[in-house]
Amino acid sequence: MGMDLRQAVEADRVHRHVYTDPGIFEQEMDRIFHRVWTYVGHESQVRKPGDYWTVQVGRQPMIMIRHRDGTIHVLHNRCPHRGAMLFGNRSGNAGPTITCSYHAWQFDTDGACRMVPLSKGYDGTRLAPGGADCHLRDMKRAARVESYRGFVFANLAADGPSLREWLGDARIAFDDMCDRAPAGEVEIVPNCFRVIQNSNWKIFLENQLDALHPAVTHESTGKAAFDVEEEMKKRGGHAPLSYHYMSAFYTTPIAKWDQFQTLNYPHGHCILTGYMGLRPRDPDTLAYEEAMKQAYGEKRMEEILGVNIHHVLLYPGLSVQSPLQQLRAVRPLGVDKTLTEIWHFRLKGAPEAMYRRALGYYNLVNSPATLINADDLWNFWKIHQGLASDGGEWVSFHRNAGQDLEEGGVVTSCIGTSEAPMRNQFRAWVDYMGAR
Ligand code: FES
Ligand SMILES: [Fe+2]
């Protein structure tokens, strides 16, 4: 459609083409997803040498793999010979070498070519050892790979901020999650849910910190859970805590969401504060607190458990709910097609009941099996359809525009339901896209 990007984004509204134009999507791939830090996985996904996971970074099929010296590498999933993908499976163990299934070229687990079969045929060619193309025997690596507290990120651009700089204050997503483990780290639970949404990737990210929608979109699901809780109480029992996570969508009115805040950081990152029922006084929580006290002492434990975060968004690809060890990674596949990987983690050293709690939240709120997620997916599809129509040109982010407090590059929303997070995401978008 050739729209001038500088006219597509204003301080309080965004043109619909930004969500629906395939040309803009291609530019986003080049200017955003091929330049930012993309979460590729957790170190515990690849424990042993040769362990690998395939992952999409921008448009690129890649693998995260553990080398025999313990280092983790992120490599393009492509054979340097004639281009075949080297790994067709989602995950597994490559053994000591990676072998191509086409003509059996072999690579080390750091991507270096180890052996080209029938090598005589290359004698005297540019691909022979010492030849001008000799370097083309190796698998191509991500330009940069860094990890923070066990969470591995790759970047396809050699220049730009370090992972640590890019995360900035939003690194609390990982600190809060890991500090809540008595052993100070988390472990992956072996697999994730993968959901393909028929909508643009930005619609998912905008929804993550949208405190205005839960009381509307999730009301009926919350009410159903609330009714079950009440029924169980009437019968003299009580519902598991995981029911509370669902009923909270019904029992938390918008006025309460407004008491929370969003903290909007550079690069589009954002934190939503506040949380429902984070420290109940049930025996499981008390046993967990005892383990935390043993590990950290009472003062530090109180600091850790006092961190008041509901949600951290790391723009443009990650949504983390640290108090419940949940993480969702966004992998755009097309202008109207977005893959989300939904993961959860185990707090190392915590009682099993705490893991069951994370699993309960995972299944009841974030998984594709729950109505909460279905409520959102239905909205995402409807939003994309509406934006593809000629029923209007602009998407409104006017709510509380001009009323938020900005200090030192951080925007604090005046109320929880301010559309500050979406405005902040588009500030970053405009910078990445060079559309200022
Ligand atoms: S394509 Fe991989 S060895 Fe030929
Ligand atoms: Fe939702």
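## Pairing within the sheet

Thr 54 has Ile 63 in E4 as its bridge partner, and in this predicted model the two antiparallel strands E3 (residues 51-57) and E4 (residues 60-66) are joined by 6 bridges. Strands here are DSSP runs of E with at least two residues, helices are runs of H or I with at least four residues, and both are numbered from the N terminus; two strands pair if DSSP finds at least two bridges between them.

The open sheet has 4 strands in the order E5-E4-E3-E6, with antiparallel pairing. Strand E5 (72-76) and strand E6 (91-93) stand at the edges with a single partner strand each, so one side of each is left without a neighbour in the sheet.

## An enclosed helix

Helix H5 (residues 172-179) is largely enclosed by the rest of the structure, because 7 of its 8 residues are buried, that is, under 20% relative accessible area with a 1.4 Å probe and protein chains only. The buried residues include Phe 174, Met 177 and Cys 178, and also Asp 175, Asp 176 and Asp 179.

## Packing of H9 and H13

The axes of helix H9 (residues 241-251) and helix H13 (residues 352-366), lines fitted to C-alpha atoms over the stretch in contact, come within 8 Å and cross at roughly 40 degrees. In the contact (heavy atoms within 4.5 Å), residues of H9 including Tyr 245, Met 246 and Phe 249 meet residues of H13, among them Arg 357, Tyr 361 and Leu 364.

## Basis of the values

Residues are numbered from 1 along each chain as its sequence is written, and chains are lettered from A and ligands numbered from 1 in the order in which they are written. Local features need pLDDT of at least 70 and side-chain atom pairs count only at pLDDT 80 or more, while totals for chains, interfaces and linings use all residues, and side-chain values use heavy atoms, with hydrogens and water left out.

Note on methods
Buried < 20%, exposed > 50% of the residue type's maximum accessible area, 1.4 Å probe, protein only. Axes fitted to C-alpha atoms, helices over the stretch in contact; angles between N-to-C directions.
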